[in-house]
Amino acid sequence: MITRLLVANRGEIARRVFRTCRALGISTVAVFSDADADAPHVAEADLAVRLPGTRPADTYLDAGRLLAACRASGADAVHPGYGFLSESAEFAREVLAAGLVWVGPPPEAIAAMGVKIGAKRLMAEAGVPVLPSLDLAAPEEFPLLVKASAGGGGRGMRVVRGPGELAEAVESARREAAAAFGDGTVFAEPLLERARHVEVQVLADRHGTVWALGERECSVQRRHQKVIEECPSPGISEATRSLLYEAAVRAARTIGYVGAGTVEFLVKGDRVAFLEMNTRLQVEHPVTELVHGVDLVRLQLDVAEGAALPAAPPPPAGWAVEARLYAEDGEHVPQAGVLRRFEIPGDVRVDAGVESGSVVSPHYDALLAKVVAHGATRAEAVRKLVSALRRARLHGLTTNRDLLVNILTNREFVAGDTHTGFLDPDGPVRASTAATGTPAEAGSAAEPAAGHAGSAAGQAGLAAALAVAALNRSRARVLPGLPAGWRNVRSQPRTLRFEETGEVTYDPLPEGVTVAAAEPYRVVLEHDGLRRTYEIAHYPGSVCVDHADGHAELTPVPRLPEPAEHVVPGSLLAPMPGNVLRVEVEPGDRVVKGQAVLVLEAMKMEHRITAPADGVVAAVQVEKGRQVDAGAVLVIIQEGGLMTELVHKELAGGVATITLDSPPNRNALSSRLLAELADRLRWAQAEPQVRVIVLTATGHVFCSGADLKEQRASGAPVTASFPEVMELIWESGKPVICRLNGTARAGGLGLVAACDFAIAPLTASFAFTEVRLGVAPAMIAVPVLRRLSARAAAEYFLTGEVFDAARAVEIGLLSAAVPPEGLDATVARYAEMLLKGGPEALAITKRLVREVPAMSFKGGLQRMTELSSERFTSAEGQEGIAAFMAKRPPAWVPQEG
């Protein structure tokens, strides 16, 4: 007998299992990652065990830690839920080997169905109809579907419509499958489009009884993840239903199945094809429970304890429809953050992993709840579900509620005409519909514009403004009975501005609108004889409005707003916290609208970040493997034609001039400027005609250091390539002259110190400003401390004091300081002298100037003796000596004319 059960899962399925356990008197144990420490499932369990970390691989997918949790808590049974390790035969074996009860099928049955490639073969041999498997290297037909061999839930699935898409789809599916299930094996089969996805619930005991407990229609899917499920299916014949039941029972018997499971099929006309068998409790199991009047978790526990099932399953009664409520925006990007309010009223069942105040983590999927309605007829069940969703109070996070309502009220859905392409771009309902949380969706297309007083959205904005005004007055310490903004001589209307609606005038009221009540949390408006009640909730930075026609989340604009964060135009921002899986572009690449530039992994799914328009990649702010926050700048794209260069190059007479050309930005070291500078330095080093490099800039500032605006916008240093740039200058085999056109600060002085020569006008000034910003002159210290004495470096590093060009010469930072009008002539004179030196000799001499001081005296003499011999006998040395003896210029000196 089971006395204490550990659920090796999280969220709503853990709470669902706990509910049955409480009814049966079974003690419960939760496990939780650090991200789930305050989750409802943890609070509801009798005991809870921490799994340190946040990544699924370190927590809910770590069998060793789960078994240790069993030992620590004294659990004698394990329920795997769904997802994670629920379909791991190895985990099931380890649980059984530990002497625990496994509330699931035998490991051999899991293994038989866990590898879908082998499962299809096994089912075909058993006479279950299947789709053929295709050769991934050379598929015989398109379109096809790439699928993960392990796991389900739409993860590791990709539709491929042509050969050009195949390689990327396979690789992406493998990565996603490996992340979700720990197994990246994939296979392909023909894509049976516009078919119905119908599954059969099976339940088997250890005594030979196998139930086919009705079917579920799961055709309405988005990215192969089910969105709406119902029991029974509205679109199959009795003959097809009998065929499905027979095939499902045969599948279960073939593998010696015990417990609850689901056999999934595609149905198109009279054609039935086996998809897979999920050897676990299914997400959508509540619709079966409501129609057949059973508790599937209780039956799982009974079977695990050895009980026998009745000979026949209970008959169906009525209809049940389930909607999966996700935290996601209108483009199905998962949302993370605080769910401030979560209330779903009505005659519905709500299986939720959250409650008001819950934090939705970016580390797991974004499912908030399953909302399920049961009725005597399908129409009744759908009507109940639509009403509950419309009346729900969902504040703080954007959800897919409106998409669910759009589906459930769609004419084709109401008629039962559903298929797997229902949410495709050309389907009856477009998946990319407006998401809950903006006023635009509060009305219908036939209504006036959103800001119009007669529209539902316009009245929602008006109600919000009235409620905010009422709340402000209720908090007033002086004369709270006076209206907000009261003047004895009125001169201006009273208004409130929201980011979503713009300015809303609430006094005087719009024509035709009267106020029946205006309280902080409830406003009643009447327009054209129609009265509406608006429920208002106030949160820091937002006002949520719920009413019979919809819902809106509005952001009041402060009358004196704080300065906005600077975001570089063309910046692509992270839509959610996540991990950078791949960066597909480099600075300078041309991209077209819709092209993938980067792939993020969040909530166990891959999310492609695409170019919003044709253009050129100006900068890439992140690298593979980096964890980013929501709103972080990922890539900057300059729309339109060719990108203006920030760093120019010019070659004349053996001298390469590299010019920083971003004077509006004070030639700050942005990621794009650094990338271009590194490219120009590599060119100068590789180009045989270049003998001397001159680094300069336009404007009145040579370089102001790191681009702090870009760094603040991206939330991370943008100078990742700065060490590479300084090293390219320092290690260049060709002499580098820094021609300072003006002031240099912070990182700009790192460039100066890395050059062999630095010449500036006497009017220039310099400062190491890092300490005044609360940072340190970390990277630039390497070249600077090779130029300055320790005392001089301490003086200017620690104080941040500004010093002039003459002082810069004294401390060794500059080679020369000259009047501004003599700058170009001085640089030209240095270059001319350098051009007279042998190219190889210059490179070697640069090296020895830096290396010899670190050698011992004897070691230095020995190395220099060897070098002297090498140079005298080299071709360049022989040419130099011969030219001197003949009183002619050597071959490497540029000839005039």
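Predicted model: local features only at pLDDT ≥ 70, side-chain atom pairs only at ≥ 80, totals over all residues.
Q: Take Cys755. Which cysteine sulfur is nearest?
A: The nearest one is that of Cys738, at 4.4 Å.

Q: Are Cys703 and Cys755 buried or exposed?
A: Cys703 is buried, with a relative accessible area of 0%. Cys755 is buried too, at 2%.

Q: How do S41 and S43 run?
A: They run parallel, joined by two bridges. S41 takes in residues 743–745 and S43 residues 765–767.

Q: Which residue in S43 stands opposite Ala744?
A: Phe766.

Q: What share of the residues counts as buried?
A: 54% of the 897 residues. The accessible surface is about 38500 Å², and carbon and sulfur atoms account for 54% of that surface.

Q: What about contacts, what share joins residues at least 24 apart?
A: 65%, taken among contacts between residues at least 6 apart in sequence.

Q: How far apart are the mean positions of the positive and negative charges?
A: They are 3 Å apart, for 92 positive and 107 negative charges.

Q: Now strand S10. How many of its residues are buried?
A: 13 of the 13, over residues 210–222, so strand S10 is largely enclosed by the rest of the structure.

Q: Which strands does S10 pair with, starting with S9 and then S11?
A: Strand S9, residues 196–204, pairs with S10 in the antiparallel sense over six bridges. Strand S11, residues 225–231, pairs with S10 in the antiparallel sense as well, over four bridges.

Q: What is the bridge partner of Val200 in S10?
A: Glu215. On the S11 side, Glu217 has Glu230 as its bridge partner, and Val220 stands opposite Ile228.

Q: What holds paired strands together in general?
A: Strands of a sheet pair through backbone hydrogen bonds, whether parallel or antiparallel.

Q: Which residues take a positive phi in the hairpins, S9 and S10 or S10 and S11?
A: In the hairpin of S9 and S10, Gly208 does, with phi near 100°. That hairpin has five residues between the strands. In the hairpin of S10 and S11, with two residues between the strands, Arg223 takes a positive phi near 55°.

Q: How covered is S11?
A: Mostly covered: seven of its seven residues are buried.

Q: Where does the pairing go from S11, as regards S14?
A: S11 pairs with strand S14, residues 319–326, over four bridges in the antiparallel sense. Within that pairing, Glu230 stands opposite Val321 in S14. Glu230 is also the bridge partner of Glu217.

Q: One more residue: where does Leu404 lie?
A: In helix H12, residues 401–408. Leu404 is buried, with a relative accessible area of 0%.

Q: What is Leu404 in contact with, leaving aside neighbours within four places in sequence?
A: Val227, Ile228, Ala323, Arg324, Leu325 and Leu389. Ile228 is the S11 residue that stands opposite Val220.

Q: How far apart are the C-alpha atoms of Leu404 and Tyr326?
A: They are separated by 9.9 Å, with the two residues 78 apart along the chain.

Note on methods: Residues numbered from 1 in each chain as written. Heavy atoms only, no water. Buried < 20%, exposed > 50% of the residue type's maximum accessible area, 1.4 Å probe, protein only. Contact = heavy atoms within 4.5 Å. Areas by Shrake-Rupley, 256 points an atom, 1.4 Å probe, with all protein chains shown as cover. Lys, Arg positive; Asp, Glu negative; His and termini not counted. Charge placed at Lys NZ, Arg CZ, Asp CG, Glu CD. Pairing = 2+ DSSP bridges. Disulfide = S-S within 2.5 Å.
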